[in-house]
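Here are my notes on this model, as numbered points. Please read them with the structure open.

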Amino acid sequence: MYRIGSGAGFSGDRVDAAQPVVEAIAAAGEGGAIIFETIGERTLALGQIAKRRNPKAGYEPLLEQFLPPILKACVENRIVIVGNFGCANPRAAADAILAIAEGQGLPGVRVAVVEGDDLVGRVDIDATERWEGDRHLPAPSGDVIAVNAYIGARPIAEAICAGAQVVVTGRVADPALALGPLVAHFGWDWNDLDLMAAGTLAGHLLECGSQVSGGFFADPGYKDVPDPANIGFPIAEVEADGTFVLTKADGTGGCIDTRTVKEQLLYEIHDPAAYLTPDVTLDLTEVEVVAVGRDRVRVTGARGHAAPATLKATVGYYGDWLGEAEISYAGPNAFQRARLAVTIIRDRIAKRALDVTSRADVIGTTSVFDDDGGTLFAEFRGKNDGDYRVRFAFGGEVAAVEAAVQEVNALYCCGPAGGGGVRQNVRPRVRTVSHLVPRSLVSVSHSFIGEAP
Amino acid sequence: MTRNRITVPLHAIAHGRAGDKGNRLNVNVIAYRPEFWPILLEQVTEASIAALFAHRGVTRVVRYELPKLQALNFVIDDALEGGVNSSLSLDTHGKTLSFLVLDLPVELPPHIMPSDTAIRSDTPNLDPVMGGVDNE
């Protein structure tokens, strides 16, 4: 059996989640791995921007909080750390990890970086096919910041087989973070598609961290989660045949049952018969989940088909600017005053001919379910008295967006009675569009940092 | 014996989660109990989901059935006002939209009482019906 745990499921996850996971794997005494998945669709573009400003930046900002509490225990207990926390700058992340190791008196920790996902300057992205889910998005007009392919598990496995104790990647397919250590440990044949599918499934269920163990799950009275301030991140106990039990460390909060596993099994899945990854096409349609103990769910039935011919690559562009501004109305007739504020801002934008896209939500009526045109808001029939917050959003060039936001601030004196609590924020946006890139244009490798070649 | 039609929110018989990729939303809908699975199959359709999202201008809804999980997976195209990097919505990911789906009214068949659907689970992990096991 091989144990793989999750230490983080997104950039910004709880920084103290990894310790109980490492302690549990270490206590079993058989080594294992812990994975960190910290890249979202736009993270790489933000990392590239940070790297341009500072060549030592561009990796996961929380790296220096994630790793120090666990590095020593991982090294001493043969627990390989695998993370895409390298983001846009895996070499700088590796340097940072080596510095942490040195600071903790751990000389000679072997840190490998996986490279090849960064396609800037290597691929003419306009000559490639756009991913069908983005086919209706308008053509981006800004400059390209980042182009990164989702690469597979092979360079991760090779780095571990070569002795890596920490593997730092940029963009990889999220489940590859787990498939890599599994292939390295069991020596699975890359052509055994059902095993590739099983390892990919384990990775899919682990890569969002607590989302499989009671995070993003609590619905009081319907789906209660014990001790949600102390959720135990998941650990997969994987057998050589690829079947596994999902569990978590004793003494932690959260829960793992068939409901938590089912929700995560289908999270961000489109066709369940064809979850495309660089390593395999995963077929989930025969997967079964069975509770076999408290916080223990056995997962079986993953099937694999040939991997797709192309790799998905996310292209990050400079987008337009986003301005947000909010103001509150409460007490008698607050709804009508809030609605009037929306009308006033619409009229002001028209009068000044500000070239912005805009949206207004009256929070407390209907907001996140609505569309930009306010269809649901127009139908809303609620209480006139209450506590409402009007939230405006504007998109466009920076000057127009700033002017629109300033109009919301001007509601203080010129708007409806009793408006208070204006907050405003203007920031640039990164846009992303996904393309499909031929594999022949992507070449991946691993190398050790801080060692003579 | 017949009774009047009884309608409950989907939330009373199913749970689920939303995810995003670009401008494409997926929402899974999972039956709490085996007897609710036929209700999902019959009433939570591509057309009913498309109607829930009509104001968002969706262009396509595809439903996938997973009988081994007693779950449906909906893939909803162009539901996210451009997606996480373009949308002006507060919830650019569309993470809240699973609960728009779970607000869909469903009609209970005569053999299921409304009291059967009021899922209360203080110790979900110990309730076999809820998917856990009692091993204490």
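1. α8(A) lies across β11 and β14 of chain A and runs at about 115° to β14(A). Axes here are lines fitted to C-alpha atoms, for helices over the stretch in contact, and angles run from 0 to 180 degrees between N-to-C directions. Helices (H or I, at least four residues) and strands (E, at least two) are DSSP runs, numbered from the N terminus.

2. A word on the source. This is a predicted model: local features need pLDDT of at least 70, side-chain atom pairs count only at pLDDT 80 or more, and totals for chains, interfaces and linings use all residues. Residues are numbered from 1 along each chain as its sequence is written, while chains are lettered from A and ligands numbered from 1 in the order in which they are written.

3. The strands under point 1 belong to an open sheet of three, ordered β10-β11-β14 (chain A), with antiparallel pairing. Two strands pair if DSSP finds at least two bridges between them. β10 (275-276) and β14 (303-305) of chain A are the edge strands, each pairing on one side only. Three bridges link β11 (residues 281-283) of chain A to β14(A). Leu282(A) faces Gly304(A) across that pairing.

4. A residue is buried if 20 or more other C-beta atoms lie within 10 Å of its own, exposed if 12 or fewer, and partly exposed in between; C-beta atoms are placed from the backbone.

5. Look at Val167(A). Beyond its neighbours within four places in sequence, its contacts (C-beta atoms, placed from the backbone, within 7 Å) include Val80(A), Val82(A), Ala112(A) and Ile160(A).

6. Helix α7 (residues 176-186) of chain A is mostly covered, with 10 of its 11 residues buried. Its cover includes α8, α6 (154-161) and β1 (2-8) of chain A. Just after α7(A), Gly187(A) has a positive phi of about 70°.

7. Strand β15 (residues 310-331) of chain A is also mostly covered: 16 of its 22 residues are buried. β15(A) has antiparallel partners. β18 (residues 420-438) of chain A joins it through 16 bridges, with Tyr317(A) bridged to Arg431(A). β17 (residues 386-396) of chain A joins it through 11 bridges, with Ala325(A) bridged to Phe392(A). β6 (residues 144-149) of chain A pairs with β15(A) over five bridges.

8. Chain A is assigned domain 1 (2-116 + 151-308) and domain 2 (319-432). The bounds come from an automatic or database domain assignment. The C-alpha centres of the two domains lie 40 Å apart.

9. Chain B has four helices and six strands. Of its 136 residues, 51% count as buried.

10. The contact between the chains takes 46 residues from chain B and 53 from chain A. On the chain B side, β2(B) gives the largest share, five residues. By class, that side has 14 nonpolar, 21 polar and 11 charged residues. Ala, Val, Leu, Ile, Met, Phe, Trp, Tyr, Cys and Pro count as nonpolar, Asp, Glu, Lys and Arg as charged, and the others, Gly among them, as polar.

Technical notes:
Contact = placed C-beta atoms within 7 Å.
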